[in-house]
Amino acid sequence: MTGDIAQVAGDAVPFVTAAVGAYGLAVLARTQEEAANATVELGRRMTQRIFGPRAEGEQLPEAVADMVADPDDPDAEAVLRRAVRKALLADGTLVADLRALLAQAPADVRIGDGSQAVVGSVIGGDSIQIGSVGRDVRLGLAARD
């Protein structure tokens with residue numbers, strides 16, 4: 001059971017950190033209508049389910065507040081992951097709820113280091129995808145006959 005909880009926590013935390021990065025102090029106060037995109041919306045819903053919704057300006061749980069203060073800090077993320085695991089251990093229904101939310105995640109979205117997740121977008125015409133670039137890049141349109 002503990003390994004399963006660690007897996008659910010590990011799968012959920014990237015979504016929670018995406019929501020924290022997008023909303024900062026208001027992560028637990030945002031409503032569904034204000035969500036920026038599917039990934040952030042899913043993370044906001046997970047964060048509120050784990051830590052409970054809060055009114056704007058209400059004090060955040062310490063683990064969430066630490067991520068707000070420095071969303072790129074791996075130590076803050078580790079503390080958040082531990083807080084999620086503790087919440088999962090304390091509430092058996094939370095595990096099932098998070099699994100159900102994780103099942104709603106788009107299969108083609110990667111979240112984490114180096115990812116640029118874009119969900120629910122439509123690109124018309126030509127499109128360019130760049131994975132990793134080590135030098136200057138120039139993008140332009142080729143002349144068409």
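Q: Over which residues does pLDDT stay under 50?
A: In this predicted model, pLDDT, the predictor's confidence in each residue on a scale from 0 to 100, stays under 50 over residues 113-123, for which the model has eight contacts (heavy atoms within 4.5 Å) beyond four places in sequence. Where pLDDT is low, the predicted coordinates should not be read in detail.

Q: What pLDDT does the protein average, and which elements have the lowest and highest mean?
A: The protein averages a pLDDT of 74, and 62% of the residues score at least 70. Among the elements, helix 1 has the lowest mean pLDDT (80) and helix 4 the highest (92).

Q: What makes the pattern of the protein α-α-α-α-α?
A: Helices are DSSP runs of H or I with at least four residues, strands are E runs of at least two, and both are numbered from the N terminus; the protein has five helices and zero strands, so read along the sequence it follows α-α-α-α-α.

Q: Why is the set that includes Met46 and Leu88 called a nonpolar core?
A: The term denotes buried Ala, Val, Leu, Ile, Met, Phe, Trp, Tyr and Cys residues joined through side-chain atoms within 4.5 Å, where buried means under 20% relative accessible area, exposed over 50% and partly exposed in between, with a 1.4 Å probe and protein chains only. The largest such core has 28 residues, and Met46 and Leu88 are among those with the most contacts inside it. Helix 1 gives the most to this core, with eight residues.

Q: Which residues does Leu88 touch, not counting residues up to four places away in sequence?
A: Leu88 touches Ile5, Val8, Ala9, Leu94, Val95 and Leu98.

Q: How are residues numbered, and which atoms and confidence limits apply?
A: Residues are numbered from 1 along each chain as its sequence is written, and side-chain values use heavy atoms, with hydrogens and water left out. Local features need pLDDT of at least 70 and side-chain atom pairs count only at pLDDT 80 or more, whereas totals for chains, interfaces and linings use all residues.
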